[in-house]
Amino acid sequence: MSEDTTTAVQADRGYDPAQIEPRWQAVWERQGAYVARDDSDKPPFYALHMYPYPSGDIHMGHVEAFSLADAVARYARLRGYEVMNPIGWDSFGLPAENAAIQRGADPKAWTYANIETHAATMCRMGFSWDWSRRLHTSDPEYYKWTQWLFLQLFNAGWAYRKDAAVNWCPTDQTVLANEQVIDGRCERCDTEVTKRALTQWFLAITAFAERLLDDMAQLEATWPERVLTLQRNWIGRSEGAEVTFRIDQTGDEVTVYTTRPDTLFGATFFVVAPEHLKARSWAETAGNGDAFDAFLSRVQRKTDLERQAADDDKEGLFLGVHAVNPVNGELLPVYAADYVLMGYGTGAIMCVPGHDQRDLDFARAHDLPVRIVVQPEGAALDAGSMTDAAAGEGVMVNSPGYDDLPWQEAKRRITADLEAKDLGKAAVNYRLRDWLVSRQRFWGAPIPIVHCEACGEVAVPDDLLPVELPDPSEVDFTPGGGSPLARHPSWSKTQCPDCRGPATRDTDTLDTFVDSSWYFLRYCSPRRDDVAFDAEAVRRWMPVDQYTGGVEHAILHLLYARFFTKALHDLGMLDFTEPFMRLKSQGPVIHNGRRMSKSRGNVVEPQDVIARFGADTVRATMLFAGPIEDEIDWADVSTAGMHRWLSRLARLVDEHAAAGGAPAGDASALRRVTQATIADVTSDYDAYKYNTAIAKLMALANQTSSALRQHGVRGAAVTEALQALLVMLSPIAPFVTEELWHRLGSTESVHAQTWPTFDPALLVEESKQVPVQVDGKVRATLGIAVGAAEAEVTAAARALGNVRRHLDGRHVVKVVWVPDRLLNFVTRD
C-alpha cells in the first residue's frame, strides 16, 4: 500500500461524502492516477468528451454529460486499456465579448476565471480527466496552430474570401451571428435586423460533400442513427438537372437546378431571390426599380427561417420580364420572392405549382396558372381546385413528346434531350454551403492574413505565428460597425511579408467551430511547440475510440470536425478519414417539463446538491434516471433515494468486514447471483445502459444483504459479491467505491482493478423450486432437478401433503407443466 493510500484509509464507518470524497480526490491527484502513458504496453483507448465552453459554473446538463463520459473512461480502464481521457475548454466565443460590452468585463479575465470555476467543480465531482493534457483554445500556444492549420487550407485553395450576406444591426452598426438574432431582431437592442453584403472568409467544405456522405458507412453501427440522419439531411444531396432559361427582354441566361426536370412542362412562372445579382437590373428594365427597392428592404428584415417557413405568406414582386422555358418556348413571368434564398442552388427556380406546395401557395396568392404534368395513378387532379400540390410519382400528361411515360423515365429523357441541345445537363446538388468562418469579433483567433495593395492576400509566415490579440484593455468593445480589432489604433498596421511594404492585418477572427474542429489531435501531444500535433502520437491514439456529448452538436461541430480530418488527410497529415469511431449523445436535463433557466427560477445548481448529498450521489442519480439518450426531468429523480442506497451499501460492507472471513452458510445461491449480475452488468455497460446496470447492482446488494443477514452466509462468497459490486459500480460512483474497497482490506485502488469476469458454468442452475398449483392456486413448492421429466415431477408433486389433500376426492382432467417453471393440476368433481 502506498503512503498516499495508507493515509487515506480511515476507521470510519457508514457513508459521509463530505469526509470521503475530498480525501480520495487528494490521493488521486497526488498519485497522478489518470495520466495517460504514451509508452504503456496496454492497448490505447481514447475517451473524449466534447469541448465545454466556460460560461459560469457547470450546470446539471454538464453533470449528466461528464458522468457519462467518465463512466466510459473508467470502464475502459478496468477492461485493461491505457485510457487517455483529456479535458480542456473551448474558451473563445461570444459570451465573453458580450460580458465586455454589457458589463465592461475583460473578456480574457472573465473567461479564465470561469475556467477555474469549472475546473474546481470538475475535481469535486471526481471526473478522471488527464489534467496534464489540459488545453484552452484562447491560449496563444493553441491558436498559433489553429492559425497554421487555416493557412494550410488557404494554401490548398480551401480557404477563400467572397462577398456574402450577413445579419446586420443598423443601431449597433455591427454584424450579428445567427444566434444573436431573436425573432428577426437584435438581441442587444431589439432593432429589426437586416442583411448586408460583406467580404467574408469561407472554408470549402462543399468540396468534401460527397465524401462526408459516403464515409458515414464507416459509422453506421457505432453512431446514433438520428445523428447520421441529421448530417445527411444537412448535406442534402440530390440528383437532378441544371437547366438554362433565357430572359426574353435582356437575353441574360439564367441556370436553375431542379430535382424534377420531368415537370418542366408544368412551369408557369419563374422566381429569383431578391438578392439575385440581376434582379434589380431586370426590374429597372421594366421601370420597377423603386418598387423593387422597397420590396428588397422588407424581405431583408426577415430571417432565413422566417422566409422559408411553410405557414408564412409568400411575398413576391413581378419584375416585368419573362423567362423562356427551354422545353416549349413559353414565356414565364419572372418574380422576386421572399422564399427563395441565394444560399441554395443558383438563387433562381422554375415554378411548378401543380407539383410543389410553396409554388402552389405563391400561385394562388398571385393569381398565376396551375398545370398538372405528372398524374398520380388512380387519381384525377383538378388544377383549378387543388389545395395540396402533387409532389409524388405518376405518369406524364400535358408534356408533348413525353406523355404516358413513367416520371422517372421522363426525367431521364428530358435531361438527355436538354443536354443534346446544350440547354441543360444532369447535375448533383447539395444543400450544404461552404462554411463562413469570418467573425467581426475580438475574442477569437485572428485570421492570419495580411492585405497588401501590391500583393493582395498574403499568408502570415509560420515564424510570425501566432498573430496575437492585443491586450483587451486597449480595445473599444462598443458596437460601432465591424470588428473591434479594426478600431484598435495600431494593431492592424503591419508590413507585407512579401514586398515589405505597408499592409493591413485582417481584422476578423475565426469562427470558434474552427478551434474545436481539430482539438482532439492536439490532445495527443499538447506540449509540442514545434508542430500542431505529433504524427506518431496521433497514430497511437487516433481515431477517438469513444466520443460523447450533446445531440445539439449533431450537425455543425461533428460535420466540421469530419471535414477538417478529411482535409488534413488529403494534405498528408493524417492516415484516417473519420475522427470519432463511436459516438454517444446524452439527452437534455430539464426541470418540471421545461428547460432550466434563471429567468424561470427553475435552475438546480449542482454545487448545492453536491454539498447536501455528495458527488457520487449526484452522478449515480443522473445515470439511474433513465436511458442516457433520453430527456431527464430533475423533478422526477430522487437524489435522497440514491443517497440512502449508497448508505445501505456502506453499512453492508461495514457489517461484512466486522463479521470476519470464516466461511459459513450455503453460498451457492449468492455465487450464482453474483455471476449472473456480472454477465448482465457487463452487457449493460457495453450498451451504455447505466440505469439498468445500477438497478442490477442494487439487486445484487439486496441479495448479498439477505445472504448475510437472513441466511448466515459468511466468508469468501460475500467478499466476492461485494468486490464485484464495488468494481462494477466504481465507474459511476468512484469515491464511495474506493472507500469501501479499502474497508474490505484491499491495498490497491478499486480503479486499478480488472473488470470481473463470470463463469458460465455457475450460471447454470442444477435445481429449482417450482410452484405446484391445484386449479390455479399455489398449494406447495417442489424442489426439482433442472430439466426433470414431467412424469417424475408430477409423481413427486402428488406425494406432497397439501397437494394430496386438495386432490383428494377430485378427478384430475389435465396436468399443465411449464418445464422448470410451474405445475398445475386442473380438476373437477
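Pro 466 sits in the loop that runs between strand 22 (456–459) and strand 23 (493–495). In this predicted model, the peptide bond leading from Leu 465 into Pro 466 is cis, with omega near 5 degrees. Pro 543 belongs to the loop between helix 16 (535–541) and strand 26 (546–550).

Another backbone detail to look for is at Asp 422, which is not a glycine and yet has a positive phi of about 60 degrees. Asp 422 is found in the loop that connects helix 13 (407–420) with strand 18 (424–430).

| Helix pair | Angle | Distance between axes |
|---|---|---|
| Helix 4 (94–103) and helix 5 (107–125) | about 125 degrees | 8 Å |
| Helix 19 (615–624) and helix 22 (690–709) | roughly 115 degrees | within 7 Å |
| Helix 20 (639–659) and helix 22 | about 40 degrees | 11 Å |

How do helix 4 and helix 5 lie to each other? Their angle is about 125 degrees, and angles from 65 to 115 degrees count as roughly perpendicular while those over 145 count as roughly antiparallel, so helix 4 and helix 5 are oblique to each other. Their crossing is right-handed. On the helix 4 side, the contact is made by Pro 95, Ala 96, Glu 97, Ala 99, Ala 100 and Arg 103, and on the helix 5 side by Pro 107, Trp 110 and Thr 111. By class, the residues of this contact are six nonpolar, one polar and two charged.

With helix 19, the arrangement is roughly perpendicular. Here Ala 620, Leu 623 and Phe 624 of helix 19 touch Tyr 690, Asn 691, Ile 694, Ala 695 and Met 698 of helix 22. Seven of the residues in this contact are nonpolar and one is polar, with no charged residues.

With helix 20, the crossing is left-handed. The contact of helix 20 with helix 22 has nine nonpolar, three polar and three charged residues.

Finally, take a look at the second largest pocket, which holds about 440 Å³ of space. Its lining has 27 residues, and those closest to the centre are Ala 33, Lys 42, Arg 77, His 751 and Ala 752. Which element gives the most to this lining? Helix 2 does, with four residues. At least two lining residues come from each of helix 2 (17–31), helix 3 (60–78), strand 2 (82–84) and helix 24 (734–743). Sorted by class, the lining of the second largest pocket has 10 nonpolar, 11 polar and six charged residues.

Notes. Residues numbered from 1 in each chain as written. Predicted model: local features only at pLDDT ≥ 70, side-chain atom pairs only at ≥ 80, totals over all residues. Heavy atoms only, no water. Axes fitted to C-alpha atoms, helices over the stretch in contact; angles between N-to-C directions. Parallel < 35°, antiparallel > 145°, perpendicular 65-115°, else oblique. Left-handed = near helix turned anticlockwise from the far one by under 90°. Contact = heavy atoms within 4.5 Å. Nonpolar A, V, L, I, M, F, W, Y, C, P; charged D, E, K, R; others polar. 1 Å grid on protein atoms, 1.4 Å probe; cavity = no way out; pocket = protein on both sides within 12 Å on 5 of 7 lines; lining within 4 Å. Points joined across faces, edges and corners; volume = space filled by probe spheres on them.
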